[in-house]
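Student: I would like to learn how to read a model of this kind feature by feature. Could we take packed helices, paired strands and backbone geometry in turn?

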Amino acid sequence: MDHFDYKNGALAAEDMPISDIAEAIGTPFYCYSTATIERHYRVFEEALAGLPATICYAVKANSNVAVIKTLADLGAGADVVSSGELTRALKAGVPASKIIFSGVGKTRDELTHALKENILQINVESEPELQVLNEIAGSMGITAPVAFRINPDIDAHTHNKISTGRSEDKFGIEWTRIHEVVKAANSLSHIENVGLAMHIGSQLTELEPFRDAFIRLKDVVTILRADGHKIPRLDLGGGLGIPYDTATTPSPAEYGKVVAEILGDLDADFLFEPGRLIVGNAGILVTSIVYAKEGATRRFLILDAAMNDLMRPSLYEAKHDIMPVSEPNSGANLERVNVVGPVCETSDTFATELDLPSAEAGDLLAIRSAGAYGAVMASTYNSRALIPEVLVKGDAYSIIRERIEPDTLIKYENLPNWNS
Ligand code: LLP
């Protein structure tokens with residue numbers, strides 16, 4: 001459930017009419033709903049109520065400081081994957097004691113940053129990384145709190161590009177070798193083993209892969225504990241999907257039940273790293289139709305938003321619902337259209353053969369479920385601006401990131417000295 005509904009004939013985010021924001025700041029822009037973010041966080045929290053759990057929001061899904069702060073105010077921790085995300089999480093007020101650092105290629109600088117900030121845990125994904133971390137922690141005279149990320153070799157049954165738990169994926173340490181690695185880590189004097197971590201993919205729409213992966217994790221924990229390793233903490237990653245178009249997804253409550261059923265008796269503390277589930281449906285991309293064009297075989301609605309603003313359709317063939325900002329009359333005429341952006345390639349397509357109420361140039365559309373992996377993945381391709389982000393609360397809105405114009409970016413470019 002989200003808080004983007006028609007009110008008095010027009011789409012509103014909570015009690016704020018979308019067209020008022022569009023009039024004030026222009027399009028395109030991202031618009032997020034505070035109540036939706038808060039609701040999704042609470043639903044996930046309730047789903048885990050019986051477990052000793054900390055929710056570390058996966059900042060990569062939407063890293064705007066105002067969004068992170070909204071969650072930090074509810075008690076969320078953060079899962080970060082770069083120094084930049086760590087800086088953002090701290091700026092948003094997430095305590096270091098609730099921050100996890102994940103990622104397959106953390107640099108020495110990033111590991112040093114994480115150790116300096118004294119964060120909760122660093123999820124190590126390889127033996128070379130473990131060696132480097134031990135060396136850096138040693139040079140700082142401290143011990144690094146490490147969770148070993150296992151690769152359970154489980155197919156998450158999601159899009160190939162966001163599957164991370166198969167043996168051929170670059171992530172984690174293969175589950176059959178984890179015992180050996182944990183044992184060897186015992187002899188590293190600046191590594192403290194705080195547990196195991198796992199994340200098998202994103203936008204999972206079935207519980208079975210989670211179930212299979214948790215069973216494998218439990219086997220590994222049992223073997224390690226029998227060998228005297230404590231394994232006090234289990235980080236179960238993120239990955240629970242959201243309904244983008246018509247697909248149904250398991251509820252957080254069902255997911256929580258599976259966790260409790262399989263891992264609940266392990267006497268461990270749990271960490272979770274949800275991203276999309278918290279913010280995905282809490283955001284829309286608001287755009288105007290620049291032209292309605294009759295092609296040879298199709299009618300095209302050409303938007304002022306493009307693939308550089310929202311990459312998901314072109315990158316993962318993702319289908320986001322699209323709705324008019326002005327509420328159509330019941331029984332309004334539907335037209336079959338392709339909804340496209342202005343960028344000079346055919347992958348700049350948001351929807352193909354979509355039945356939409358008749359729309360014309362100047363009309364506003366909302367591309368839904370754009371709160372996760374939307375603004376964060378935007379680029380300036382075709383020298384387009386980075387578009388604004390707006391956060392709504394009740395009947396108020398705030399611009400939480402300004403539009404960044406090409407002029408600003410061009411200022412960072414220099415002619416080589418042989419040209420000046
Ligand atoms: N933890 C780790 C270690 C991750 O790699 C990810 C996502 C998450 C947590 C959060 O997963 P979530 O709960 O959001 O599914 N750009 C893609 C998604 C990439 C996900 C990368 N890792 C998309 O737009 O679908």
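Student: At roughly what angle do the axes of helix 2 and helix 3 cross?

Tutor: Please keep in mind throughout that this is a predicted model. As a general idea, two packed helices are described by the angle between their axes and the distance between the axes. Here the axes of helix 2 (residues 34–47) and helix 3 (residues 65–72) cross at roughly 45 degrees and come within 10 Å. Helix 2 and helix 3 are therefore oblique to each other, and helix 2 passes helix 3 in a right-handed crossing. On the helix 2 side the contact is made by Thr34, Ile37, Glu38 and Tyr41, and on the helix 3 side by Val67, Thr70 and Leu71. Sorted by class, the residues of this contact of helix 2 with helix 3 are four nonpolar, two polar and one charged.

Student: What is the handedness of the crossing of helix 4 and helix 5?

Tutor: The crossing of helix 4 and helix 5 is left-handed. The axes of helix 4 (residues 83–91) and helix 5 (residues 108–116) come within 9 Å and cross at roughly 25 degrees. Angles under 35 degrees count as roughly parallel, and helix 4 and helix 5 are therefore roughly parallel to each other. Ser83, Leu86 and Thr87 in helix 4 meet Glu110, His113 and Ala114 in helix 5, and the residues of this contact of helix 4 with helix 5 divide into two nonpolar, three polar and one charged.

Student: Which residues make the contact between helix 8 and helix 9?

Tutor: Let us begin with the geometry and then come to the residues. The axes of helix 8 (residues 208–226) and helix 9 (residues 252–263) come within 10 Å and cross at roughly 25 degrees, which makes helix 8 roughly parallel to helix 9. Helix 8 passes helix 9 in a right-handed crossing. From helix 8 the contact draws on Phe210, Arg211, Phe214, Ile215, Leu217 and Lys218, and from helix 9 on Tyr255, Val258, Val259, Glu261, Ile262 and Leu263. By class, the contact of helix 8 with helix 9 has nine nonpolar residues, three charged residues and no polar ones.

Student: Turning to strands, what is the order of the strands in the open sheet of three strands?

Tutor: In general, strands of a sheet pair through backbone hydrogen bonds, either parallel or antiparallel. In this case the open sheet has the order 1-2-3, with antiparallel pairing. Strand 1 (4–7) and strand 3 (16–17) are the edge strands, each pairing on one side only. Strand 2 (residues 10–13) pairs with strand 3 in the antiparallel sense over two bridges, and alanine 13 stands opposite methionine 16 in strand 3.

Student: How many bridges does strand 14 form with strand 15?

Tutor: Strand 14 pairs with strand 15 (residues 299–303) in the antiparallel sense over five bridges, and the two strands form a hairpin with four residues between them. In strand 15, isoleucine 302 is the bridge partner of tyrosine 291. Strand 14 (residues 283–294) also pairs with strand 4 in the antiparallel sense over four bridges, where tyrosine 32 has glycine 283 in strand 14 as its bridge partner. The pairing of strand 14 with strand 19 (residues 364–367) is antiparallel over four bridges, and valine 286 stands opposite alanine 366 in strand 19.

Student: Is the peptide bond from threonine 27 to proline 28 cis or trans?

Tutor: As background, most residues other than glycine have a negative phi, and most peptide bonds are trans. The peptide bond from threonine 27 to proline 28 is cis, with omega near -5 degrees, and proline 28 lies in the loop between helix 1 (18–25) and strand 4 (29–33). Asparagine 8 deserves a look as well, with phi near 50 degrees, a positive value in a residue other than glycine. Asparagine 8 is placed in the loop between strand 1 and strand 2.

Student: As a last exercise, which backbone atom does the side chain of asparagine 193 reach?

Tutor: The side chain of asparagine 193 reaches the backbone nitrogen of glycine 195 at 3.0 Å. Asparagine 193 is in strand 11 (residues 191–197). Leaving aside residues up to four places away in sequence, asparagine 193 touches Val146, Phe148, Val182, His229, Ile231 and Pro232. From C-alpha to C-alpha, asparagine 193 and arginine 233 are 9.4 Å apart in space, while in sequence they are 40 residues apart.

Note on methods: Residues numbered from 1 in each chain as written. Predicted model: local features only at pLDDT ≥ 70, side-chain atom pairs only at ≥ 80, totals over all residues. Heavy atoms only, no water. Axes fitted to C-alpha atoms, helices over the stretch in contact; angles between N-to-C directions. Parallel < 35°, antiparallel > 145°, perpendicular 65-115°, else oblique. Left-handed = near helix turned anticlockwise from the far one by under 90°. Contact = heavy atoms within 4.5 Å. Nonpolar A, V, L, I, M, F, W, Y, C, P; charged D, E, K, R; others polar. Pairing = 2+ DSSP bridges. Polar contact = N/O pair within 3.5 Å; in protein donor to acceptor, adjacent residues only side chain to side chain.
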